[in-house]
Amino acid sequence: MILVTGATGNVGRNLVRELLDAGAPVRALTRDPRRAGLPDGVDVARGDLTDAESLASALRGVERAFLFPVHGRLGAFLDAAQRAGLRQVVLLSSQSVVDEHLSRERMGRLNAADEQAVIASGVPWTFLRPGPFMVNDLPWAWGVKAEGVVRAAYGDAATAPVDERDIAAVAARALLDDEHVGRAYELTGPQSLTQAERVRILGEVLGRELRFEELTPEAARERMTRHLEAETVDSLLRMFARQSGTTVPVSTAVRDVTGRPAHTYAEWAAHHAGDFR
(Lines give C-alpha, C1' and ligand atoms only; values in the text may rest on other atoms or scores of the structure.)
Protein backbone atom coordinates (compact mmCIF):
# COMPACT_ATOMS: atom_id res chain seq x y z
CA MET A 1 0.00 0.00 0.00
CA ILE A 2 1.23 3.50 -0.92
CA LEU A 3 -0.10 6.55 0.90
CA VAL A 4 -0.41 9.79 -1.07
CA THR A 5 -0.73 12.99 0.94
CA GLY A 6 -1.84 16.14 -0.87
CA ALA A 7 -3.76 13.74 -3.10
CA THR A 8 -6.18 16.37 -4.42
CA GLY A 9 -3.44 18.81 -5.45
CA ASN A 10 -1.80 19.35 -8.82
CA VAL A 11 0.93 16.75 -8.24
CA GLY A 12 -0.96 14.40 -5.93
CA ARG A 13 -3.94 13.86 -8.22
CA ASN A 14 -1.64 12.96 -11.12
CA LEU A 15 0.42 10.71 -8.86
CA VAL A 16 -2.66 8.77 -7.77
CA ARG A 17 -3.45 8.09 -11.43
CA GLU A 18 0.16 7.05 -12.19
CA LEU A 19 0.16 4.56 -9.31
CA LEU A 20 -3.25 3.13 -10.20
CA ASP A 21 -2.14 2.69 -13.82
CA ALA A 22 0.90 0.79 -12.52
CA GLY A 23 -1.38 -1.55 -10.55
CA ALA A 24 -0.27 -0.30 -7.13
CA PRO A 25 -2.70 -0.15 -4.18
CA VAL A 26 -3.21 3.50 -3.25
CA ARG A 27 -4.54 5.22 -0.15
CA ALA A 28 -5.16 8.97 -0.32
CA LEU A 29 -5.11 11.22 2.74
CA THR A 30 -7.58 14.11 2.57
CA ARG A 31 -9.46 16.30 5.01
CA ASP A 32 -12.77 15.83 3.18
CA PRO A 33 -13.18 12.45 1.42
CA ARG A 34 -16.63 13.42 0.11
CA ARG A 35 -15.16 16.25 -1.97
CA ALA A 36 -11.92 14.53 -3.02
CA GLY A 37 -13.20 13.36 -6.41
CA LEU A 38 -10.54 10.67 -6.67
CA PRO A 39 -10.78 7.69 -9.07
CA ASP A 40 -12.45 4.41 -8.22
CA GLY A 41 -10.03 1.99 -6.62
CA VAL A 42 -8.45 4.55 -4.29
CA ASP A 43 -8.76 3.93 -0.56
CA VAL A 44 -9.64 7.44 0.62
CA ALA A 45 -8.75 8.14 4.27
CA ARG A 46 -9.87 11.15 6.26
CA GLY A 47 -6.95 12.84 8.00
CA ASP A 48 -4.52 15.67 8.37
CA LEU A 49 -0.70 15.78 8.45
CA THR A 50 -0.78 17.41 11.88
CA ASP A 51 -3.33 15.00 13.42
CA ALA A 52 -1.46 12.08 15.00
CA GLU A 53 -4.56 9.94 15.54
CA SER A 54 -5.72 10.15 11.92
CA LEU A 55 -2.18 9.50 10.69
CA ALA A 56 -1.84 6.30 12.70
CA SER A 57 -4.99 5.00 11.03
CA ALA A 58 -4.00 6.20 7.54
CA LEU A 59 -0.55 4.59 7.78
CA ARG A 60 -1.83 1.19 8.89
CA GLY A 61 -0.61 -1.34 6.34
CA VAL A 62 1.29 1.30 4.34
CA GLU A 63 4.84 0.61 3.16
CA ARG A 64 5.67 3.84 1.32
CA ALA A 65 4.34 7.37 1.27
CA PHE A 66 4.43 10.53 -0.83
CA LEU A 67 4.75 13.50 1.48
CA PHE A 68 3.39 16.88 0.45
CA PRO A 69 4.96 19.11 3.10
CA VAL A 70 3.34 21.39 5.61
CA HIS A 71 6.49 23.41 6.22
CA GLY A 72 7.84 23.08 9.73
CA ARG A 73 4.96 20.81 10.80
CA LEU A 74 6.04 17.35 9.71
CA GLY A 75 6.76 16.00 13.19
CA ALA A 76 3.45 14.18 13.66
CA PHE A 77 3.69 12.48 10.28
CA LEU A 78 7.33 11.46 10.71
CA ASP A 79 6.70 10.09 14.20
CA ALA A 80 3.78 8.05 12.84
CA ALA A 81 5.90 6.92 9.89
CA GLN A 82 8.60 5.66 12.26
CA ARG A 83 6.09 3.72 14.32
CA ALA A 84 4.51 2.26 11.18
CA GLY A 85 7.91 1.10 9.93
CA LEU A 86 7.65 2.84 6.58
CA ARG A 87 10.18 1.63 4.03
CA GLN A 88 10.31 4.99 2.22
CA VAL A 89 9.07 8.57 2.20
CA VAL A 90 9.19 10.52 -1.07
CA LEU A 91 9.23 14.19 -0.09
CA LEU A 92 8.14 16.96 -2.44
CA SER A 93 10.86 19.51 -1.75
CA SER A 94 12.15 22.33 -3.97
CA GLN A 95 15.06 23.26 -6.20
CA SER A 96 15.45 26.27 -3.90
CA VAL A 97 17.28 23.99 -1.44
CA VAL A 98 20.31 23.80 -3.72
CA ASP A 99 20.04 27.14 -5.54
CA GLU A 100 22.94 29.48 -4.69
CA HIS A 101 20.61 32.39 -3.97
CA LEU A 102 17.23 30.85 -3.13
CA SER A 103 18.75 28.58 -0.49
CA ARG A 104 19.21 31.72 1.62
CA GLU A 105 15.64 32.87 1.07
CA ARG A 106 12.70 31.77 3.21
CA MET A 107 11.47 29.19 0.69
CA GLY A 108 14.89 27.58 0.54
CA ARG A 109 15.29 27.50 4.31
CA LEU A 110 11.83 25.99 4.85
CA ASN A 111 12.36 23.22 2.32
CA ALA A 112 15.85 22.48 3.63
CA ALA A 113 14.42 22.15 7.15
CA ASP A 114 11.80 19.70 5.85
CA GLU A 115 14.51 17.58 4.23
CA GLN A 116 16.57 17.58 7.42
CA ALA A 117 13.53 16.54 9.45
CA VAL A 118 12.95 13.58 7.15
CA ILE A 119 16.61 12.54 7.34
CA ALA A 120 16.62 12.85 11.12
CA SER A 121 13.53 10.63 11.36
CA GLY A 122 15.52 7.66 10.11
CA VAL A 123 12.86 6.74 7.55
CA PRO A 124 14.44 5.94 4.15
CA TRP A 125 13.85 8.86 1.82
CA THR A 126 13.83 10.21 -1.71
CA PHE A 127 13.72 13.97 -2.36
CA LEU A 128 12.10 15.58 -5.39
CA ARG A 129 13.35 19.13 -5.98
CA PRO A 130 11.30 20.72 -8.76
CA GLY A 131 11.84 24.22 -10.02
CA PRO A 132 8.87 26.43 -10.91
CA PHE A 133 5.72 24.55 -11.89
CA MET A 134 4.13 25.23 -15.29
CA VAL A 135 0.79 25.20 -13.49
CA ASN A 136 1.86 28.40 -11.74
CA ASP A 137 0.92 30.15 -15.00
CA LEU A 138 -2.77 29.33 -14.58
CA PRO A 139 -3.41 32.72 -12.88
CA TRP A 140 -2.70 34.25 -16.29
CA ALA A 141 -6.02 32.81 -17.47
CA TRP A 142 -8.16 35.77 -16.41
CA GLY A 143 -6.13 38.29 -18.40
CA VAL A 144 -5.84 35.93 -21.36
CA LYS A 145 -9.59 35.36 -21.53
CA ALA A 146 -10.60 38.94 -20.84
CA GLU A 147 -8.03 40.92 -22.83
CA GLY A 148 -5.50 38.61 -24.45
CA VAL A 149 -2.86 40.15 -22.17
CA VAL A 150 -0.47 38.86 -19.52
CA ARG A 151 0.97 41.51 -17.22
CA ALA A 152 4.08 40.85 -15.13
CA ALA A 153 7.52 42.19 -14.31
CA TYR A 154 10.74 40.90 -15.87
CA GLY A 155 9.30 39.50 -19.07
CA ASP A 156 12.80 38.43 -20.16
CA ALA A 157 13.43 36.43 -16.95
CA ALA A 158 14.11 32.78 -17.77
CA THR A 159 13.08 29.67 -15.90
CA ALA A 160 12.75 26.01 -16.91
CA PRO A 161 9.27 25.26 -15.56
CA VAL A 162 8.21 21.65 -15.09
CA ASP A 163 4.86 20.03 -15.86
CA GLU A 164 3.07 18.76 -12.76
CA ARG A 165 2.47 15.46 -14.60
CA ASP A 166 6.23 14.94 -14.84
CA ILE A 167 6.74 15.52 -11.13
CA ALA A 168 4.05 12.91 -10.48
CA ALA A 169 5.64 10.46 -12.93
CA VAL A 170 9.02 10.74 -11.19
CA ALA A 171 7.35 10.36 -7.79
CA ALA A 172 5.61 7.19 -8.98
CA ARG A 173 8.84 5.62 -10.18
CA ALA A 174 10.56 6.60 -6.94
CA LEU A 175 7.79 4.91 -4.92
CA LEU A 176 7.72 1.77 -7.05
CA ASP A 177 11.47 1.13 -7.49
CA ASP A 178 13.89 0.64 -4.56
CA GLU A 179 16.81 2.08 -6.53
CA HIS A 180 15.67 5.65 -5.80
CA VAL A 181 15.98 5.47 -2.01
CA GLY A 182 18.59 7.93 -0.72
CA ARG A 183 18.58 10.01 -3.91
CA ALA A 184 17.52 13.58 -4.64
CA TYR A 185 16.31 14.70 -8.06
CA GLU A 186 16.26 18.24 -9.40
CA LEU A 187 13.31 18.43 -11.78
CA THR A 188 12.89 20.96 -14.58
CA GLY A 189 11.11 21.12 -17.88
CA PRO A 190 13.05 20.57 -21.12
CA GLN A 191 13.38 24.27 -22.06
CA SER A 192 14.70 27.50 -20.62
CA LEU A 193 11.93 29.99 -21.38
CA THR A 194 11.29 33.61 -20.51
CA GLN A 195 7.87 34.73 -19.33
CA ALA A 196 7.32 36.52 -22.64
CA GLU A 197 8.25 33.37 -24.57
CA ARG A 198 5.74 31.33 -22.56
CA VAL A 199 3.01 33.84 -23.40
CA ARG A 200 3.89 33.55 -27.10
CA ILE A 201 3.77 29.73 -26.96
CA LEU A 202 0.47 29.84 -25.11
CA GLY A 203 -0.98 32.07 -27.81
CA GLU A 204 0.21 29.72 -30.55
CA VAL A 205 -1.45 26.78 -28.81
CA LEU A 206 -4.69 28.71 -28.32
CA GLY A 207 -4.63 29.99 -31.89
CA ARG A 208 -4.82 33.64 -30.93
CA GLU A 209 -2.39 36.51 -30.50
CA LEU A 210 -1.50 37.22 -26.90
CA ARG A 211 0.47 40.18 -25.62
CA PHE A 212 2.93 40.41 -22.75
CA GLU A 213 2.76 43.75 -20.97
CA GLU A 214 5.76 44.65 -18.84
CA LEU A 215 5.02 45.91 -15.33
CA THR A 216 7.40 47.74 -13.06
CA PRO A 217 8.60 45.61 -10.14
CA GLU A 218 6.64 47.89 -7.82
CA ALA A 219 3.39 47.40 -9.76
CA ALA A 220 3.97 43.66 -9.97
CA ARG A 221 4.60 43.49 -6.24
CA GLU A 222 1.36 45.27 -5.50
CA ARG A 223 -0.60 42.77 -7.63
CA MET A 224 1.22 39.68 -6.34
CA THR A 225 0.84 40.52 -2.65
CA ARG A 226 -2.93 40.28 -3.05
CA HIS A 227 -2.48 36.52 -3.22
CA LEU A 228 0.97 35.73 -1.76
CA GLU A 229 2.91 36.65 1.36
CA ALA A 230 5.06 39.75 0.87
CA GLU A 231 8.25 37.85 1.74
CA THR A 232 7.50 35.24 -0.92
CA VAL A 233 6.73 37.94 -3.50
CA ASP A 234 9.98 39.78 -2.78
CA SER A 235 11.94 36.54 -3.10
CA LEU A 236 10.31 35.77 -6.46
CA LEU A 237 10.97 39.26 -7.79
CA ARG A 238 14.62 39.04 -6.75
CA MET A 239 14.84 35.70 -8.56
CA PHE A 240 13.28 37.15 -11.73
CA ALA A 241 15.66 40.11 -11.60
CA ARG A 242 18.69 37.79 -11.37
CA GLN A 243 17.44 35.65 -14.26
CA SER A 244 16.51 38.55 -16.51
CA GLY A 245 18.27 38.25 -19.86
CA THR A 246 19.76 34.84 -19.06
CA THR A 247 19.10 31.17 -19.73
CA VAL A 248 18.88 28.59 -16.97
CA PRO A 249 20.16 25.00 -16.79
CA VAL A 250 17.84 22.18 -17.79
CA SER A 251 17.79 18.87 -15.91
CA THR A 252 17.45 15.47 -17.58
CA ALA A 253 16.07 13.84 -14.41
CA VAL A 254 12.55 13.35 -15.76
CA ARG A 255 13.86 11.38 -18.75
CA ASP A 256 16.47 9.58 -16.64
CA VAL A 257 13.91 8.33 -14.10
CA THR A 258 10.83 7.75 -16.26
CA GLY A 259 12.45 6.78 -19.57
CA ARG A 260 10.48 9.40 -21.51
CA PRO A 261 11.11 13.10 -22.20
CA ALA A 262 9.64 15.79 -20.00
CA HIS A 263 6.58 17.58 -21.37
CA THR A 264 7.26 20.81 -23.22
CA TYR A 265 5.51 24.04 -22.33
CA ALA A 266 3.45 23.76 -25.52
CA GLU A 267 2.27 20.30 -24.44
CA TRP A 268 1.33 21.63 -21.01
CA ALA A 269 -0.53 24.55 -22.61
CA ALA A 270 -2.46 22.18 -24.88
CA HIS A 271 -3.39 20.04 -21.87
CA HIS A 272 -4.72 23.13 -20.04
CA ALA A 273 -6.12 24.98 -23.08
CA GLY A 274 -9.63 24.83 -21.67
CA ASP A 275 -8.50 26.84 -18.62
CA PHE A 276 -7.47 29.74 -20.88
CA ARG A 277 -10.53 29.79 -23.18
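Visitor: Which residues in α8 meet which ones in α9?
Guide: From α8, the residues P217, A220, R221 and M224 meet A230, V233, D234, L236 and L237 of α9, where contact is taken as heavy atoms within 4.5 Å. Helices here are DSSP runs of H or I with at least four residues, numbered from the N terminus. By class, the residues of this contact divide into seven nonpolar, no polar and two charged, with Ala, Val, Leu, Ile, Met, Phe, Trp, Tyr, Cys and Pro counted as nonpolar, Asp, Glu, Lys and Arg as charged, and the others, Gly among them, as polar.

Visitor: What should I know about the model and the numbering?
Guide: This is a predicted model, in which local features need pLDDT of at least 70 and side-chain atom pairs count only at pLDDT 80 or more, while totals for chains, interfaces and linings use all residues. Residues are numbered from 1 along each chain as its sequence is written, and side-chain values use heavy atoms, with hydrogens and water left out.

Visitor: Back to the pair: at what angle do α8 and α9 pack?
Guide: Helix α8 (residues 217-224) and helix α9 (residues 230-242) pack at about 145°, and their axes are 10 Å apart; the axes are lines fitted to C-alpha atoms over the stretch in contact, and angles run from 0 to 180 degrees between N-to-C directions.

Visitor: Changing topic, how many residues are in the largest nonpolar core?
Guide: That core has 52 residues, and L15, L19, F66 and L128 have the most contacts inside it; a nonpolar core is a set of buried Ala, Val, Leu, Ile, Met, Phe, Trp, Tyr and Cys residues joined through side-chain atoms within 4.5 Å. Helix α6 (residues 164-176) gives the most to this core, with seven residues.

Visitor: And is α6 mostly covered or mostly exposed?
Guide: Mostly covered, since eleven of the 13 residues of α6 are buried, meaning under 20% relative accessible area with a 1.4 Å probe and protein chains only, whereas over 50% is exposed and anything in between is partly exposed.

Visitor: What does A172 touch?
Guide: Not counting residues up to four places away in sequence, A172 touches L15, E18 and L19. A172 lies in helix α6 and is buried, with a relative accessible area of 3%.

Visitor: One more: where is R198 found?
Guide: R198 is found in helix α7 (residues 195-206), and R198 is buried, with a relative accessible area of 6%. Leaving aside neighbours within four places in sequence, R198 is in contact with D137, W140, T159, P161, L193 and Y265.

Definitions and conventions:
Helices (H or I, at least four residues) and strands (E, at least two) are DSSP runs, numbered from the N terminus.
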